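Please keep the sequence and the 3D view open as you go through them.

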Amino acid sequence: MSKVRIENIHKSFGGNPVLKDISIDIDEGELVSILGPSGCGKTTLLRLVAGLETADSGSVFIDGRCCDDIPARKRGAVIVFQDYGLFPHMTVTANIEFGLVARKENRALRAKKTAHMLDIMQISDKASCYPHELSGGQKQRVALARACVLEPSLLLLDEPFSNLDTNLKDAMREFVSDLQRDLGITTVLVTHDKEEAFMLSQRVAVILDGCLRQFDTPRQIYARPRSIQVADFIGEANYISGTVLSGTFSCFLGNFDASGRPDGSARLMLRYDHLIADPDGGVPCQILEKKFRGRTTTYRVVTKHDPITEMYLNSPIDTLQPGSSVFVSVSAGSECVL
């Protein structure tokens with residue numbers, strides 16, 4: 001296992017800045033996701049850690065050792081790319097053994113390590129198959145086995161689930177989560193999928209426009225984003241205008257804690273599932289629209305008194321109809337003042 005420090009990284013291509021002063025500390029055995037939209041610089045950051053790119057300034061440290069002048073093959077890190085990168089002319093066994101052969105490990109040890117990986121990845125029955133004979137999930141397991149058989153101290157995953165269908169994607173996410181926990185490998189996952197990052201990671205680094213906007217637990221990023229940019233990227237939020245005075249935010253929904261916020265105008269961020277259709281009272285509203293989404297129904301409502309405000313809320317209740325009245329309140333402890 002490795003501890004990783006990314007310190008003040010800057011990177012440009014053709015004069016265009018891609019990464020701007022990125023600093024992240026990753027603990028031993030931790031799984032961290034680098035989350036952001038396409039083009040935000042997250043894959044470039046992963047390649048810098050791997051040693052496949054060189055920073056304009058800043059440094060990457062692995063176990064306290066500066067890697068500025070250390071080539072990729074000597075960093076103790078392996079990377080699994082989005083397209084898996086399997087050799088089509090080699091069997092599953094040969095693909096997994098490839099790195100061990102390059103290291104010139106003896107045949108008996110190679111066979112033992114490869115058999116162990118085939119067993120862990122649950123693909124022993126595919127040992128003699130070629131990549132074109134495998135499903136997407138099986139190919140991914142082979143790519144992971146080829147990486148893990150080298151016993152890396154750092155595993156780097158670049159959008160590993162993006163080519164899988166929904167059901168297989170869910171299964172492989174769970175498999176990789178269990179694998180990472182069992183092997184204890186420090187892992188960095190690059191993804192644009194918010195649900196994926198939240199499901200798999202101990203912490204998430206949100207990168208927008210080449211800048212690190214927040215590095216925190218999934219729960220904190222979802223419920224307590226530090227900026228409107230992060231809140232918007234995570235999605236589905238109401239923003240309610242109000243005023244902060246002496247550490248309290250006030251708006252038509254009530255008074256909420258705003259400790260540490262300066263006095264003046266501010267906005268309350270509430271996720272759709274932080275608002276409740278409350279039969280016991282709250283702000284009187286009228287339902288304008290409903291959308292059934294399976295486990296929940298999203299309602300668009302409007303307040304019945306000044307200030308007239310539209311809001312969205314998710315509810316397990318699907319019996320309310322457009323045009324009807326509903327009382328709306330805020331679930332306890334869910335408020336976030338920006």
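1. A disulfide is a pair of cysteine sulfur atoms within 2.5 Å. The structure holds 0 disulfides, and C251 shows one case in detail, because its sulfur lies 12 Å from the closest cysteine sulfur, that of C285, which is too far for a bond.

2. Please bear in mind that this is a predicted model, in which local features need pLDDT of at least 70 and side-chain atom pairs count only at pLDDT 80 or more, while totals for chains, interfaces and linings use all residues. Residues are numbered from 1 along each chain as its sequence is written, and side-chain values use heavy atoms, with hydrogens and water left out.

3. Are the cysteines C129 and C251 buried or exposed? Buried means under 20% relative accessible area, exposed over 50%, and partly exposed in between (1.4 Å probe, protein chains only). C129 counts as buried at 17% relative accessibility, and C251 counts as buried at 15%.

4. Helices (H or I, at least four residues) and strands (E, at least two) are DSSP runs, numbered from the N terminus. Helix 1 covers residues 42–50, and because 7 of its 9 residues are buried, it is largely enclosed by the rest of the structure. The buried residues are K42, T44, L45, L46, L48, V49 and A50, and the helix is followed by G51, which has a positive phi, near 90°.

5. T191 belongs to strand 8, residues 186–191, and is buried, with a relative accessible area of 0%. Leaving aside neighbours within four places in sequence, T191 is in contact (heavy atoms within 4.5 Å) with S33, I34, L35, G36, K42, E159, E196 and A197.
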